[in-house]
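Work through the exercises below on aromatic rings and their surroundings. Each task is followed by a worked solution.

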Amino acid sequence: MKAYKEGKGWCIRVRAAGVNRYLSGYPSAAAAEKAARDVLCAAENIGKPFGRGPEHTTVAAAMGMYGVERLPYLKGARQDAQRMNEYLRLASLECLVLVRKNSSNVEGKGRSQYFDVTKRPFDEKAPVVASLRAHRALQAASRPETLEQRTKIANMRFADVTRNHIQELVDAMQKDGFSRASIDLELAQIKRVFRWGLSHWNWHLPVRQPVWMLAFENEKNERERILTRSEWVRLCKAIDEYKPNPYFPAAVALLLETAMRTSEPLMHATWEDVDWEHSVLQLKRAKRGSRKVPLSPEALSILKHLKSVATDERILPMTYEALKAGWNRVRARAGVDDVQLHDLRHTAATRYAIEFSHDRHTLKVITGHRSDRQLDRYVNIKPEDVAAKMRKDGSRCDFSPAKLADALPSCLQPVLRAPDEAVSVREARRSTSCS
């Protein structure tokens with residue numbers, strides 16, 4: 001087993017686990033021979049590598065393989081597929097296509113399958129959806145260094161990626177203005193692919209996980225924005241002017257009242273999950289698995305209103321894209337552009353923390369968090385709230401977290417401000433049509 005010069009680099013041939021391996025592109029004979037010894041050691045310890053191995057598979061190709069094998073069983077697979085398709089397009093490879101399954105049961109495998117995953121051929125001239133054209137153009141124009149580093153990594157051999165390459169990607173993303181949260185999500189995706197290569201494909205190269213000990217600029221990553229009472233009043237007026245989706249007002253109100261994650265009522269909640277007797281919504285497939293959401297009287301009134309006009313097994317038969325589009329429009333009209341949909345969860349968690357005197361056990365039941373540290377990121381008590389409490393004058397501070405009692409969209413006023421028995425099916429239908 002001896003290395004030899006080929007072009008500008010060094011190569012070596014080795015037979016491991018019954019497979020002839022050709023390793024190339026090393027800067028020296030010593031580096032090539034060390035790589036050969038690593039291959040032999042890995043073959044002895046973990047067996048034959050899957051497919052062509054890490055030396056002959058690009059990072060983008062590995063992402064495509066991972067996507068087909070793993071994404072069908074992940075609830076958040078759409079976001080993962082979007083991130084990996086960025087790399088697949090840069091390597092001119094087939095992109096991942098996800099189709100949600102009606103049933104989550106996979107017969108005989110003992111696990112839930114949420115998507116069917118296929119691939120579509122790469123087409124450089126393929127038309128871009130109108131809603132994405134401006135976004136794609138902005139990416140190409142304002143993030144050139146990130147694009148360069150992604151292209152480099154996408155076309156690299158899996159075995160050749162080191163921490164330095166990933167650090168260059170991080171530096172480029174920070175320079176191009178990506179948030180720390182966006183960078184973390186991309187790094188987590190790359191890390192999962194490399195971990196999968198080692199654990200499921202017997203790919204021991206690179207020897208060390210490349211996504212580790214990375215340096216970041218000092219940046220506060222925690223979001224502390226909550227919706228104030230006056231902002232909620234303005235949003236309700238803007239919601240009254242928003243007509244396209246009759247479910248939108250109820251969806252926003254339900255998120256503000258329950259502190260649920262946006263995906264939970266949209267994707268996972270059906271009418272059979274509502275326990276009317278005990279005022280509980282049973283989510284079978286939430287982010288952290290099954291959990292029960294306690295429902296306030298206001299949340300129950302919203303659900304009763306939706307049930308009276310229901311035509312679907314889902315509680316909120318609308319897409320996240322439709323909800324986000326509506327939110328972006330009403331917040332712009334209300335002049336609160338910096339408030340995101342997810343901030344409704346922060347707002348509700350903070351309000352309940354004040355109402356329940358920071359009882360962590362109660363709050364974790366409401367929000368679904370499992371640790372105090374996770375919960376703490378969502379409870380954003382402001383110094384002004386503490387000062388108001390110190391005064392003990394019962395004043396309602398405008399900057400305190402919003403709640404449904406502060407204001408309501410006009411179509412929900414007869415639902416939440418009239419006795420339950422006074423809300424007839426006809427009135428509920430009329431209130432839905434007004435939105």
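The model is predicted, so to speak by record: local features need pLDDT of at least 70, side-chain atom pairs count only at pLDDT 80 or more, and totals for chains, interfaces and linings use all residues. Residues are numbered from 1 along each chain as its sequence is written, and side-chain values use heavy atoms, with hydrogens and water left out.

**Exercise 1.** State how many aromatic pairs the structure holds, and classify the pair of Phe50 and Trp201.

Solution. Rings of Phe, Tyr and Trp (its six-membered ring) pair if their centres lie within 6.5 Å; planes under 30 degrees apart are stacked, over 60 edge-to-face, the rest tilted. The structure holds 8 aromatic pairs. For Phe50 and Trp201 the centres are 6.3 Å apart and the planes 25° apart, so by these cut-offs the pair is stacked. Phe50 is in the loop between α1 (29-46) and α2 (59-70), and Trp201 is in the loop between α7 (180-200) and α8 (229-240), 151 residues apart; helices are DSSP runs of H or I, at least four residues, numbered from the N terminus.

**Exercise 2.** Which residue's ring has Arg163 over its face?

Solution. The charge criterion is CZ of Arg or NZ of Lys within 6 Å of the ring centre and within 35 degrees of the ring normal. Arg163 lies over Trp212, 5.3 Å from the ring centre.

Technical notes: Helix = DSSP H or I, 4+ residues; strand = E, 2+ residues; numbered from the N terminus.
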